[in-house]
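Please look over the sequence and the structure displayed below.

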Amino acid sequence: MNRTTLSLIAAATALAAVTGFAAVSAPDSADTAATAKTPARLPVERSSLLCPAPSTSELAETVYTSFTPAGAGGAGTGGTAELAPSAAPLDDATADDDGKKDEKQTGDAAEDDSAKEPPADGADAKAKPFLALKEPGKPVSGTKNTSDAPALVGTATGRLAPGWTTQQTTTVTGGEGRGLLGVSCTPPDTDFWFPGASTDKARQDYVHLTNPDDTAAVADVALYGKGGTLKSDAGEGIPVPARSSVPVLLSTLTAEAEPNVTVHVSTRTGRVGAVVNAADDKLGGDWLAASADAAPRAVLPGIPADATSVRLVVFAPGEDDAELKVRLAGKSGTIVPAAAAETLNVKSGMTASLDLGDVTKGEAGSVLLGPAEDAGETPVVAALRVVRGKGTDQEVAFIPATGAVTERATAADNRAKGSTLSLTAPDGTGKVKVTASAGTGGGEQVVETYTVKGGTTQAVTPPVPQGLKGSYALTVEPESGGPVHAARTLALTRDGVPMFTVQTMPDDRGMVSVPATREDLSVLK
């Protein structure tokens with residue numbers, strides 16, 4: 001068996017494991033050493049999402065919004081996209097212990113019985129999900145207003161799989177963890193980095209580990225402070241039972257109180273979804289999503305114009321130190337903030353931080369990181385802690401480094417008022433198309449295009465669907481030019497507190513490359 005044939009089989013097998021779809025075409029028998037054609041870009045046929053348990057507060061009000069972009073190109077006319085509690089049977093998803101429903105779903109979410117597929121976990125096909133999407137282009141939403149709302153596990157198939165996204169938005173009006181807590185539900189994985197967490201006494205940070213599968217997962221949680229690894233006897237070998245979610249309080253893993261900590265979650269067996277819930281005694285709380293994969297350059301988009309305090313947290317996971325130049329991309333161009341006049345040195349295996357203050361000064365912006373002059377190309381992960389308001393009326397949110405929108409990215413649960421879309425072009429000028437979907441309760445989609453000059457950030461009030469009822473989704477697609485990074489800010493004010501949450505918009509990975517070849521697989525016989 002020649003090497004090319006082996007590599008093709010390996011590529012197809014790996015692709016099937018990740019997406020549930022792979023194809024290898026018939027070969028040209030005249031030449032068994034033929035090289036592969038350019039891979040085709042095809043939509044995925046299966047997607048998974050995990051939403052963490054939203055809050056333990058009795059004042060919590062949580063809205064879930066599920067959406068798949070129209071025209072995403074999923075296979076066929078059928079498919080399902082359903083979310084259900086991770087630790088309970090699917091048929092109990094819409095009832096409390098006393099059997100009374102306390103959830104509400106809006107949008108056209110009736111099940112498509114003709115295209116119904118059995119759930120991936122083998123649960124009863126007749127069980128009712130908490131939230132079910134029926135068709136692309138029309139979001140659906142559901143609410144849960146209790147302190148015991150569970151984590152959710154979901155799978156989308158067929159035409160609903162490419163670009164499937166779910167937003168979880170929780171409003172807590174008082175007490176511990178007060179604020180507007182937003183998170184884009186995450187796909188399961190085996191490795192996550194969270195710079196920007198804390199084990200300080202003023203913080204209560206939990207990393208939520210959710211297992212979507214029918215077999216148990218085992219995870220390790222490592223913590224890194226300014227001096228390196230924080231001593232811990234409890235972070236290794238954390239069991240996460242099948243279809244369950246486990247919240248781990250970071251301060252119970254170590255006796256060292258650190259204001260700026262990087263969390264590394266990895267799995268020994270299985271896979272999990274991971275996200276950090278950060279609650280500050282004075283600043284409220286929000287979700288901290290994982291940073292983009294470590295890279296020598298990073299973009300952290302979406303700092304509000306009225307930010308009163310911004311802190312950058314960076315970690316170098318490799319063996320080399322990083323010497324970084326910190327810049328701010330604003331409306332008119334890129335500058336080096338006064339607080340970042342010197343380069344930022346990040347020692348290998350240590351967490352570094354830089355307080356940028358009110359760096360935006362009334363003009364929305366994004367932080368750009370890259371190697372300093374004559375410095376090496378050292379990969380880093382990074383996040384921002386952003387504060388709005390003053391005195392007792394302050395609110396915090398987090399912005400992790402995020403990749404560019406290469407084909408499509410979506411943020412769900414946008415409102416008629418309070419949404420801001422940030423678009424950053426770190427290099428050359430880029431042009432993107434932004435689609436505002438129909439609403440959960442009605443309305444017609446609207447499309448606009450934006451041109452973002454290189455080295456700038458555009459913070460725009462996004463288009464709103466005509467005749468909007470309910471909430472809607474925003475989808476960003478590149479049209480021409482250089483790479484564009486995106487983030488969505490959702491803001492509201494309660495009792496004088498400027499609550500807000502920022503969700504970055506990485507590419508939705510709804511398309512995958514499928515290797516093509518002319519090789520004759522009959523040589524395997």
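The text below moves from the overall make-up to individual side-chain pairings.

This is a predicted model, in which local features need pLDDT of at least 70 and side-chain atom pairs count only at pLDDT 80 or more, while totals for chains, interfaces and linings use all residues. Residues are numbered from 1 along each chain as its sequence is written, and side-chain values use heavy atoms, with hydrogens and water left out.

Of the 525 residues, 54% count as buried, where buried means under 20% relative accessible area, exposed over 50% and partly exposed in between (1.4 Å probe, protein chains only). Among contacts (heavy atoms within 4.5 Å) with a separation of 6 or more, 83% come from residues 24 or more positions apart.

The chain holds one disulfide, defined as a pair of cysteine sulfur atoms within 2.5 Å. In general terms, a disulfide is a covalent bond between the sulfur atoms of two cysteines. Here cysteine 51 is joined to cysteine 185, with an S to S distance of 2.0 Å. Cysteine 51 belongs to strand β2 (residues 46-51) and cysteine 185 to the loop between β10 (179-184) and β11, so the link ties together parts that are 134 residues apart in sequence. The link is right-handed, with 110° about the S-S bond, and both cysteines are buried.

Aromatic side chains come next. Five aromatic pairs are found in the whole structure; rings of Phe, Tyr and Trp (its six-membered ring) pair if their centres lie within 6.5 Å, and planes under 30 degrees apart count as stacked, over 60 as edge-to-face and the rest as tilted. Phenylalanine 192 and phenylalanine 194 form a stacked pair, 6.3 Å centre to centre with 15° between the planes. Phenylalanine 192 is buried at 7% relative accessibility, and phenylalanine 194 is buried at 0%. Tryptophan 193 and tyrosine 224 form a tilted pair, 6.1 Å centre to centre with 35° between the planes. Because tryptophan 193 lies in strand β11 (residues 191-197) and tyrosine 224 in strand β13 (residues 217-225), this pair ties together parts that are 31 residues apart in sequence. Ring pairs link Trp193, Tyr224 and Phe315 into a cluster.

What of the charged side chains? The structure contains 14 salt bridges, each a side-chain nitrogen of Lys or Arg within 4 Å of a carboxyl oxygen of Asp or Glu. One of them joins glutamate 377 to arginine 297, whose closest N and O atoms are 2.7 Å apart. This pair links distant parts of the chain, with glutamate 377 in the loop between β26 (365-371) and β27 (381-390) and arginine 297 in the loop between β19 (284-288) and β20 (298-303), 80 residues apart. Glutamate 377 is partly exposed at 48% relative accessibility, whereas arginine 297 counts as exposed at 52%.

Another salt bridge brings together aspartate 413 and arginine 415 (2.7 Å, N to O). Aspartate 413 is buried, with a relative accessible area of 1%, while arginine 415 is partly exposed at 27%. Salt bridges that share partners also join Asp220, Glu236 and Arg268 into one network.

Definitions and conventions. Helices (H or I, at least four residues) and strands (E, at least two) are DSSP runs, numbered from the N terminus.
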